[in-house]
Amino acid sequence: MSPGVLTVYRWELRKLRYQKRTYLGLGAAVIVPILFVIATHFRHRGPEDVPFGSYISRSGLAIPLVILLFGAIWMFPLITALVAGDIFASEDHNGTLKTILTRSLERWQIFAGKALTAATYGIAAILLSGTVAVIAGCIQSGFNPLQSLSGTVVSAPKALGLVYTSLLVYLIPILSIVCIGLLLSTITRNSAAAVVGTLMFSLLIQLIGILPGLTGLQPYLLSTQFNAWQGLLRTPIDWAPIIRAAWVCALYGVPALAAACLVFLRRDVAGG
Amino acid sequence: MSPPGAVPVEVRGLVKEYGQLRAVDGVDITINEGDVYGYLGPNGAGKTTSLRMMLGLITPTAGTVRLFGRNPIETVHALEGVAGFVEAPTFYPYMTGRRNLELLAAFDGAGASERIDEALHTVELADRAGDRVGGYSHGMRQRLGIAGALLRSPKLLLLDEPATGLDPAGMRDMRLLIRRLADHGMTVVLSSHLLAEVEELCNRVAIVRSGRIVYEGLISELKRGAGAVYRLATTDDERAIAICRAQPGISEVRIEHGHICFTADEPAVAELSQALVEAGALIHALAPQTVTLEDLFFSLTEGTAAVTPDGPLAEVAQ
Ligand SMILES: Nc1ncnc2c1ncn2[C@@H]1O[C@H](COP(=O)(O)OP(=O)(O)O)[C@@H](O)[C@H]1O
Ligand SMILES: [Mg+2]
């Protein structure tokens with residue numbers, strides 16, 4: 001079989017298994033929901049001021065949703081950036097681009113394999129974190145029906161389905177973060193700069209959203225799209241924020257990804 | 001597939017500029033099948049930069065590279081049958097030597113993974129292949145680099161100062177290895193700043209300085225043209241100097257570090273020794289000095305300005 005994008009993808013996943021940062025990010029994705037559940041066990045009350053915050057002691061299925069809300073501030077962008085920001089920069093750090101670019105794969109194939117890997121990692125972190133939150137939450141507060149944002153009660157099995165659909169909707173802005181991480185990784189050629197830069201970008205966008213006079217921009221900010229899943233938890237389902245998330249995130253992600261690809265295809269591999 | 005009759009390497013008018021600096025300045029070379037081609041020059045001459053362009057790692061400012069007729073900047077297919085590395089070969093330090101080769105073989109396809117054991121054996125790394133590359137010495141990485149190249153079963157091997165930084169035994173092993181590969185019919189391009197290394201291994205040579213080729217051809221002819229330097233000590237040096245100066249075929253007579261030095265060809269040296277004895281200046285020592293790259297540069301630049309690639313050697317140094 002001749003090598004291709006999937007060859008790169010397989011080996012990039014394998015390389016992730018050797019690296020500490022992989023486990024750091026996934027570890028955080030697992031531990032944070034567990035710590036959160038432990039904290040609610042002792043406080044008996046959730047954060048009242050966020051959607052589903054007051055439900056977490058009544059239904060374990062509210063817990064992953066609250067984690068999604070808090071995780072959007074910096075945790076999930078950071079976990080995502082850990083790999084996306086590093087995946088090209090680490091090749092510069094190890095000087096290994098010249099090693100892999102002189103084999104039988106075109107640069108675009110290497111790029112695509114790496115981009116897929118970074119996306120896979122972000123997706124895995126969210127699904128893992130969500131699953132841990134569901135399990136830990138249900139152990140703590142039971143597999144109970146959930147009250148939707150419209151006030152109607154949703155049966156537990158249906159609510160579980162909605163939780164997982166929410167996770168999927170949450171992946172839309174996560175993938176934009178991946179693209180931005182990839183761009184910074186190719187441009188800065190420095191892992192720390194790219195990871196921190198991606199996180200800073202995500203924080204800055206949130207800052208813009210709360211500046212007086214700029215609140216009109218809210219619907220078009222990347223940070224807002226992290227809340228799009230809430231449309232699923234209304235009756236009937238409100239698709240508008242989800243559709244908007246799809247195109248707004250594409251506006252952030254696609255140009256970033258295209259720019260990253262162009263930079264990578266054209267760059268001189270002169271170091272290492 | 002490569003066009004019929006295409007030579008392994010054909011470089012025309014190759015230029016690479018970094019800002020104001022012309023790292024490579026109009027290089028033309030043709031390397032034929034079976035050549036072991038030395039690319040000789042001091043540090044900063046542009047050897048690595050040239051090889052990077054040949055491997056498609058950097059885009060030339062001007063000029064073209066053709067490997068078996070194909071352009072490595074356009075497509076990685078131009079590297080079919082080509083392998084090599086620039087500067088020290090690099091690997092993922094957190095994986096073992098064997099894992100690294102497995103990755104490279106996967107990226108090569110074409111049954112490369114079946115050659116891993118053989119390649120490790122060839123470079124004598126089989127017993128350390130299970131260790132992480134992060135713990136390898138420079139020499140081991142260098143050999144792993146060669147192993148990585150061999151996975152592609154190349155017809156053309158590009159090596160950038162592969163013996164640099166090795167201890168004397170490592171250097172000797174590296175040269176033996178390159179010799180063996182060349183004996184198997186591989187075309188080899190070997191960059192080096194060591195004349196002796198190129199002389200030992202290569203049949204043809206390009207000498208580069210400041211990005212330009214100042215000589216291209218056979219080393220033996222170059223050295224013949226340059227003339228060998230001899231050192232002489234006699235019982236009567238003053239008279240010996242006069243005799244040297246008078247002797248045909250001997251030039252550049254001078255005193256260096258208390259010894260008489262001159263440039264000559266072999267027949268002239270034989271005649272000189274007889275003349276010295278006849279004149280009563282008995283010889284303590286008469287020994288050829290190793291010609292260094294610097295000596296060659298000296299003779300190349302002292303020669304006529306009309307030194308062109310493949311130009312008549314008589315002009316190189318008179
Ligand atoms: N990426 C780069 N950016 C700027 N200058 C460079 C770069 N790479 C090489 N150079 C310069 O180009 C010249 C040739 O370098 P190089 O090809 O590495 O020489 P060599 O391999 O013969 O020692 C040197 O002056 C070097 O400083
Ligand atoms: Mg060099």
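Reader: How many residue pairs are in polar contact between chain B and chain A?
Author: This is a predicted model, where local features need pLDDT of at least 70, side-chain atom pairs count only at pLDDT 80 or more, and totals for chains, interfaces and linings use all residues. Residues are numbered from 1 along each chain as its sequence is written, chains are lettered from A and ligands numbered from 1 in the order in which they are written, and side-chain values use heavy atoms, leaving out hydrogens and water. A polar contact pairs N or O atoms within 3.5 Å; within protein, one must be able to donate a hydrogen and the other to accept it, and residues adjacent in sequence count only if both atoms are side-chain atoms. With both residues at pLDDT 80 or more, the count is 21.

Reader: Thanks! Which helix of chain B gives the most to the side that touches chain A?
Author: Helices are DSSP runs (H or I, at least four residues) and strands too (E, at least two), numbered from the N terminus. Strand 1, helix 2 and helix 4 of chain B each supply at least two residues to that side. The top contributor, with 7 residues, is helix 2.

Reader: Which residue of chain B meets A:Arg103 in a salt bridge?
Author: The interface has 2 salt bridges, each a side-chain nitrogen of Lys or Arg within 4 Å of a carboxyl oxygen of Asp or Glu. At 2.6 Å, N to O, the partner of A:Arg103 is B:Asp108.

Reader: What area is buried between chain B and chain A?
Author: Buried area is the accessible area (1.4 Å probe) that two parts lose on being put together, summed over both. Carbon and sulfur atoms give 55% of it here, and the total is about 2800 Å².
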